[in-house]
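Please look at the sequence and the structure before going on.

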Amino acid sequence: MQISFTLNGRPTTVDVEPATLVAELLREQLNMTGTHIGCDTSQCGACVVHLDGLPVKSCTLLAPALDGATLLTIEGLQGAPDSNRLHPMQEAFRENHGLQCGFCTPGMVMTAVALAKDKPSLSEAEVRHGLEGNICRCTGYQNIVLSVMAGAAAMNAAAKGE
Amino acid sequence: MGNVIGIGAAPKRKEDQRFLTGRGNYVSDIKRPGMAAGVFVRSPHGHAILRGIDKSAALAASGVVAVLTGDDVAADGLGSLPCGWGITDAKGVPMKEPPFPMLAQGKVRFVGDMVAFVVAETVEQANSAAELLKIDYEVLPSVVGVLDAVHPGAPQLFDDVPNNICCDWELGDKSAVETAFRKAAHVAKLSLVNNRLIGNPMEPRAAIAEYEPGTDRYTLWSTSQFPHVVRFLMGALVLKIPQHKLRVVAPDVGGGFGVKQFHYGEEAVITWAARRVMRPIKWVASRSEGYVSDRHGRDHVTEAELALDETGKFLAFRVKTLANMGGYLSTFGPNIPTNLYGPLLSGVYTMPAIYCNVKVVFTNTVPVDAYRGAGRPEATFVLERIVDVAAAEMGIDRVEIRRRNMIPKEAYPYQTPVLVQYDSGDPMGCLDGALAAADVKNFGARKAASQRKGKFRGLGYSTYVEACGLAPSRFAGRLGARGGLYESATVRVHPTGQVTVMIGTHNHGQGHETTFAQIVSDKLGVAFENVDIVFGDTDRVQFGMGTYGSRSLVVGGAALSKAADKVIVKGKKIAAHLLEAAEVDIQFEAGKFSVAGTDRTKTFEEIAGAAYVPHDYPLEVLEPGLEEQAYYDPVNFTYPGGCHIAEVEVDPETGTVTLVNYTAVDDVGTVINPMIVEGQLHGGIVQGVGQALYENAVYDDGSGQLLSGSLMDYCMPRADHLPMMKVATHSTLCTHTPMGVKGCGEVGTIGSPAAVINAVVDALSHLGVTHVDMPATPNRIWRLLQNASLPVAAE
């Protein structure tokens, strides 16, 4: 079947098998491999993307649900797909050593951006609770939590500046 | 011109840009032209005779390219998956080493054992065809626990391995220990289980293989921590592919923790299959598949006894362990519960005599091998737990008993009674630092506050040492290693002065691209941004043993340091010619070659340029070019260690243990990048906390089914399980590595389980609890409390 949606700001039309998962569509059909698949039980969160502004696990979402929707992936977070700039949340992860092997990172960043959106500040407890659906095996979470708090502050400072 | 960023600085990581923007290059991201999909068909039984496989229906299914089984492997005369260590028993008799076929032949020995490989146009077609295989199993009873496996009458995995015992290994002076026990004023005893773990790196294992008929070359992309070792083991021993015809690439790898440091059957099968079907094939494990095929870790049952004199001084330590090997010997399997366990039983203490006996046992479970820490967390757990037991029984404070027995800083180098000689350390300094950082003096007030809420608060200590920087080859060879354990690095200086390093270690989260660039920047005075680190490709990197055992900086960094020194030596020769001075008068400092006592200098870039444009160059005595290679084989292990203090709160209503504070002061030697070291400590500690409180691989006896086979059943630590940890370093320098480094990858995981469980026991000690097995889940603690005579919590 044919579906049309906005992908990272660009109108996109693709033919998909109805049983295709969004994570598979992105990785296999659209060659956008920034979204990762780390489990098969919707636990790990490596595949988190934003569907109409909300974080979703793309391994658990069927592609037909995208029809008419707006999808944002890690590749589109920092603006134009051809830029190498960092979003304030990505910058905060870099500054705070919030990543090691990088595999959980795209999902972690996408969850963090959604968590921080429209929040003037995030407490440590809110961040830890908000990351419950994202597993990291490398960092022990400490620097991720610090990254998300710093990234949230930076996002809000940037929003105020606009 | 960028800046020199040297040793001790904390630049942000070079690798982060690609990971943060979704531009990493993991195996599952790679596509090759004409690529087919492969799926492995795995045994659903823990133990069964494999009578036969009818593949006719599967072969006829839509899109199927090939179906391969153990019969095909046998017909092609391929080798068994090799074990890299051969241990012997006390009489020198070699371990039992049954073959480990890459696809099962005649019998399956664990749930997940591979029986067939199906190749099709798509994954869906391969999976559908796999369901059409008619596999005739005669199911046998499974045995999953070590105590049951050695019991007479237990199911036997191999006809020629009586009682499933692979090796009855021992270390130490048995009679000296017996003598000491006879003289002891007190003997503390402890029985414990070291729970079975599953490493769970976030990236599942994956592989792509391709054969190029035009050049007769094979390429394997694999999620491996050691591509050169895979090339050797698979090429030379399993598939008989000449080394120069086989390229193994391990690109970005999403975490390893030991799980990806073995040569897996999947790698051999897919490479062999790619040649047979003349197409690239890709396989990506699902998480569930990883649970039943990634090598597991730990799984010990232990009886320990500690002999003490009347003042609490340790006299002797006796440890008897049954260690689970699973269904076959994995790459390092038998080495882990023996050579990486027994020699650590002296800990940071003066322990006059030690005897350790380990029975290495086959069971119908996934093969067990190294997982972060590998043997050393198990040793630390036994020792640090029994020290607490002895302290409680003798009425000595837990910190005081440690102090009384600790090796003083001045006593290093210190020879233990179990092979290893610690070169440097200051356990007392780490203990003092941790006591202050953890605010132990105010613990009483915090405990009282918890008590008022109806909660029990406990404090736990772990003062420990480990052996890492694997490994001095000669020493390892005497212990049964079948390979060397050195490392290699090439420093390639380009004509314009930038540097590319080719190194045999593998970066899968440790930040090598940053740390190693700092070493080069520091040594050669080259800007940090002008150094790139290449790893993970046998066609680009000369050789290497990979990354495991906290060895990359210790052994690989040392090779890199040596190679950089060689560049300086050659640069001095070139500079001497250009500056018309004697070589001995040339000094190199801060990126400049100069004639001592003069202002005549040549920059590093000028020397590099001259090396590649040798118009004015001593061609009679010196080759053009500026590229040097070094191999480094360490003279000893390194011995990081430290003191960890855990503070927990137990809710007696639910049995929930909450980790409320965690402090670690570790001695990791010279710190190259403190930001990265802290990150390694955080991650390591949480993996140990996971073992202590959450993680457990559980098998059903009889059927051999893995009951904890998904992230929903096997509890991994999450962000909201943890407090902010305090980590710090208190370093003494390693005396034999070039930069004084000791390694930091595993310390967290080694020190933390004992600290956490000692805290849990402390919290419950007023109820008569003397030991809690891991993981200290709410269920386990609640049951323990129901059995204890629980007094009403004080108001």
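The questions below concern a predicted model, and they go from domains and contacts to sheets, helices and a single residue.

Q: Into which domains is chain B divided, and how many Å separate the centres of domain 1 and domain 2 of chain B?
A: The domain assignment divides chain B into domain 1 (16-22 + 486-632), domain 2 (31-140 + 202-255 + 260-291) and domain 3 (296-470 + 636-787). Taken over C-alpha atoms, the centres of domain 1 and domain 2 of chain B are separated by 39 Å.

Q: How many polar residues are on the side of domain 1 of chain B that touches domain 2 of chain B?
A: The contact between these two domains takes 14 residues from domain 1 of chain B and 15 residues from domain 2 of chain B. On the side of domain 1 of chain B, the classes are three nonpolar, two charged and, as the number asked for, nine polar residues.

Q: Which element of domain 1 of chain A gives the most residues to the side that touches domain 2 of chain A?
A: Chain A is assigned domain 1 (2-77) and domain 2 (88-161), and the centres of these domains, taken over C-alpha atoms, are separated by 21 Å. Their contact takes 16 residues from domain 1 of chain A and 13 residues from domain 2 of chain A. The elements of domain 1 of chain A that give two or more residues are strand 3 (48-51), strand 4 (54-57) and helix 2 of chain A. The one that gives the most, with three residues, is strand 3 of chain A.

Q: How many nonpolar residues are on the side of chain A that touches chain B?
A: The contact between the two chains takes 44 residues from chain A and 41 residues from chain B. Several helices give two or more residues to the side of chain A, among them helix 4 (105-116) and helix 6 (142-161) of chain A. By class, the residues on this side of chain A include seven charged, 18 polar and, as the number asked for, 19 nonpolar.

Q: Which residue of strand 5 of chain B stands opposite Ala37(B)?
A: Strand 1 of chain B is mostly covered, with six of its seven residues buried, and this strand pairs in the parallel sense with strand 12 (residues 281-284) of chain B over two bridges. In strand 12 of chain B, the residue opposite Ala37(B) is Lys282(B). Strand 1 of chain B also pairs in the antiparallel sense with strand 5 of chain B, over six bridges. In strand 5 of chain B, the residue opposite Ala37(B) is Ala120(B).

Q: Why do the buried residues of helix 4 of chain B line one face of the helix?
A: The buried residues of helix 4 (residues 123-130) of chain B are Gln125(B), Ala126(B), Ala129(B) and Ala130(B). Seen down the axis of helix 4 of chain B, these residues line one face because their directions fall within an arc of 135°.

Q: Why is one side of strand 18 and of strand 28 of chain B left without a neighbour in the sheet?
A: These strands belong to an open sheet of four strands in chain B, which has the order 18-26-27-28 and mixed pairing. Strand 18 (456-465) and strand 28 (725-729) of chain B stand at the edges, and one side of each is left without a neighbour because each has a single partner strand.

Q: At what angle does helix 16 of chain B run to strand 22 of chain B?
A: In chain B, three strands form an open sheet in the order 22-23-24 with antiparallel pairing, and the twist averages 20° from one strand to the next. Helix 16 (residues 552-578) of chain B lies across strand 22, strand 23 and strand 24 of chain B, and its angle to strand 22 of chain B is about 130°.

Q: Is Gly255(B) buried or exposed?
A: Gly255(B) lies in the loop between strand 11 (246-249) and helix 8 (265-277) of chain B. Among the residues that Gly255(B) touches are Cys101(A) and Phe103(A), as well as His508(B) and Gly509(B). A residue is buried if 20 or more other C-beta atoms lie within 10 Å of its own. Because Gly255(B) has 25 C-beta neighbours inside 10 Å, this residue counts as buried.

Conventions:
Residues are numbered from 1 along each chain as its sequence is written. Chains are lettered from A and ligands numbered from 1 in the order in which they are written. This is a predicted model: local features need pLDDT of at least 70, side-chain atom pairs count only at pLDDT 80 or more; totals for chains, interfaces and linings use all residues. A residue is buried if 20 or more other C-beta atoms lie within 10 Å of its own, exposed if 12 or fewer, and partly exposed in between; C-beta atoms are placed from the backbone. The arc is that of the directions from the helix axis to the C-beta atoms. Two strands pair if DSSP finds at least two bridges between them. Domain bounds come from an automatic or database domain assignment. Two residues are in contact if their C-beta atoms, placed from the backbone, lie within 7 Å. Ala, Val, Leu, Ile, Met, Phe, Trp, Tyr, Cys and Pro count as nonpolar, Asp, Glu, Lys and Arg as charged, and the others, Gly among them, as polar. Axes are lines fitted to C-alpha atoms, for helices over the stretch in contact, and angles run from 0 to 180 degrees between N-to-C directions. Lists of a residue's contacts leave out its neighbours within four places in sequence.
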